[in-house]
Amino acid sequence: MKKILFLTGTRADFGKIKSLISILENNQEFEVFVFVTGMHLQKEYGYTLIEIERCNFKNVYAFENHTDETTMDLTLAKTIEGFSAYCKIVQPDLIVIHGDRVETLAGAIVGSLNNILVAHIEGGELSGTVDELIRHSVTKLSHIHFVSNDEAAKRLLQMGEMQSSIFTIGSPDIDIMFSNNLPTIENVKQYYEIDFDEYAIVMFHPVTTEAEQMHQYAEDFVESLLKTNGNFVVIYPNNDLGSKYIIDAYQKIKDNSRFRIFPSLRFEYFLVLLKNAKFIIGNSSAGIREAPYYGIPTINIGTRQQNRTLNADIINVDYQKENILKALESVNSHKTFQVVNDFGKGESAKLFLNSLFSEQIWEINHQKEFKNINF
């Protein structure tokens, strides 16, 4: 029996790996462990450890990596310390990490320096800010790569990764997006006490490389929303440097009847709200990834997603208030189309499981090799 250890630090990455954890939990060939840290244990962001516990996974371990300082390097150091100690207890055969968060980097460092195979979900993608540095650093520290599409796979080859270590499985959240087990919109609205007939979703995150400007960006963003007549379901930002400015700016709308503000939403419930929204506005990857799959328009603000795959139905604007307002005025007439197969067909968990059944994966050399490209 192989021991598989997943690491999750945010509501977003848990939504990405939930289907992968579940399919292994239901297979007798694997013993699954889930290391929960980061935003999941912060009450101001909804204490989403509760959502993980509701899944009834057999082995869930919570570790608080939050520090009094708001610097990512100290969070990284504390996460490495806690995750390393847990790995010594579990002694996993494989560590599975996702994306470009500082917790992801911690998992990759611990695995690679302790001679444990590391599998990275959704490497090879492009993003803005410090996330780009982390994602590509994690790639070089990982032995196995489960990528979303062929373009991501090509980037990994450019980075010197071996073809035999790359497996294209699509984006795992697509599995949940088109699941038959999602709740109805009526149940979701009742659960969260949302009484809007029509609404848009707001998800605005800090940009760590623009932390000094985030206060003004957040103020202008909220003022833009206030100048419209629409209803909005607002979800708190992640906990990166600068998030306090955004949360403080939301105080201006907390008593406004056109806004419902939540620290976090259950992933399946969020997907149902997104699917039924008029549009999504902010700078979340949900506007780049999930929204187009549902045919929902996106207003993408600023630089956070500047290098991500951008579809023709996404309105890209800068942080200027007047430009955000113009986008809000035009979004309802913006022509949308549904993305097909950019990030898989909703069978990522099955492809992930099949890969782990392959002897090829377990024979991958713990000693990384660099594959030269002949130009």
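Let's start with His120. Leave aside its neighbours within four places in sequence, and His120 is in contact with Ile97, His98, Gly99, Thr104, Arg135, Val138, Thr139, Ser142, Ile144, His145 and Phe146. Keep in mind that this is a predicted model. Where does His120 lie? It lies in strand β5, which covers residues 117–121. Is His120 buried or exposed? The relative accessible area of His120 is 0%, so it is buried. The side chain of His120 reaches the backbone oxygen of Gly99 at 2.8 Å. Gly99 is also among the residues in contact with His120.

Now step back to the whole protein. How many helices and strands does it have? The protein has 15 helices and 13 strands. Along the principal axes, the C-alpha atoms fill a box of roughly 60 × 45 × 45 Å.

What about the inside? Of the 375 residues, 59% count as buried. Look at the contacts with a separation of 6 or more: residues 24 or more positions apart account for 70% of them. The protein exposes about 16400 Å², and carbon and sulfur atoms supply 47% of that. Charges next. There are 35 positive and 48 negative charges. How far apart are their mean positions? They are 2 Å apart.

On to helix α3, residues 72–90. One is Phe83, which is found in α3. Phe83 has 0% relative accessibility, so it counts as buried. What does Phe83 touch, not counting residues up to four places away in sequence? It touches Leu5, Leu7, Phe35, Ile95, Gly107 and Val110. Now try a distance. Phe83 and Gly111 are 28 residues apart along the chain, and their C-alpha atoms are separated by 9.4 Å.

The other is Lys78, also in α3. Lys78 has a relative accessible area of 29%, so it is partly exposed. Not counting residues up to four places away in sequence, Lys78 touches Phe63, Glu64, Asn65, His66 and Thr67. His66 gives a polar contact as well. A polar atom of the Lys78 side chain lies 3.1 Å from the backbone oxygen of His66. And a distance again: Lys78 and Asn115 are 37 residues apart along the chain, with 20 Å between their C-alpha atoms.

Let's follow the chain out of α3. Gln91 lies in the loop between α3 and β4, where β4 is 94–98. Gln91 has a relative accessible area of 58%, so it is exposed. Now the backbone. Most residues other than glycine have a negative phi. Gln91 is not a glycine, yet it has a positive phi of about 55°.

Glu193 also has a positive phi of about 55°, and it is not a glycine either. Where is Glu193? It sits in the loop between α8 (185–192) and β8 (200–203). Its relative accessibility is 62%, so Glu193 counts as exposed.

Next, Glu219. This residue is found in helix α9, residues 214–226. Is Glu219 buried or exposed? Its relative accessible area is 16%, so Glu219 is buried. The cut-off for buried is under 20%. Leaving aside neighbours within four places in sequence, Glu219 is in contact with Ala249 and Lys252.

Now Val233, in strand β9, residues 232–235. Val233 has 0% relative accessibility, so it counts as buried. Its contacts, leaving aside neighbours within four places in sequence, are Ile194, Phe196, Tyr199, Ala200, Ile201, Val202, Arg260, Phe262 and Leu273. Arg266 is 33 residues from Val233 in sequence, and 14 Å from it in space, C-alpha to C-alpha.

Find Leu273 in the model, then find Val233, which is in contact with Leu273. That's the tour.

Definitions and conventions: Residues numbered from 1 in each chain as written. Predicted model: local features only at pLDDT ≥ 70, side-chain atom pairs only at ≥ 80, totals over all residues. Heavy atoms only, no water. Helix = DSSP H or I, 4+ residues; strand = E, 2+ residues; numbered from the N terminus. Buried < 20%, exposed > 50% of the residue type's maximum accessible area, 1.4 Å probe, protein only. Contact = heavy atoms within 4.5 Å. Areas by Shrake-Rupley, 256 points an atom, 1.4 Å probe, with all protein chains shown as cover. Lys, Arg positive; Asp, Glu negative; His and termini not counted. Charge placed at Lys NZ, Arg CZ, Asp CG, Glu CD. Polar contact = N/O pair within 3.5 Å; in protein donor to acceptor, adjacent residues only side chain to side chain.
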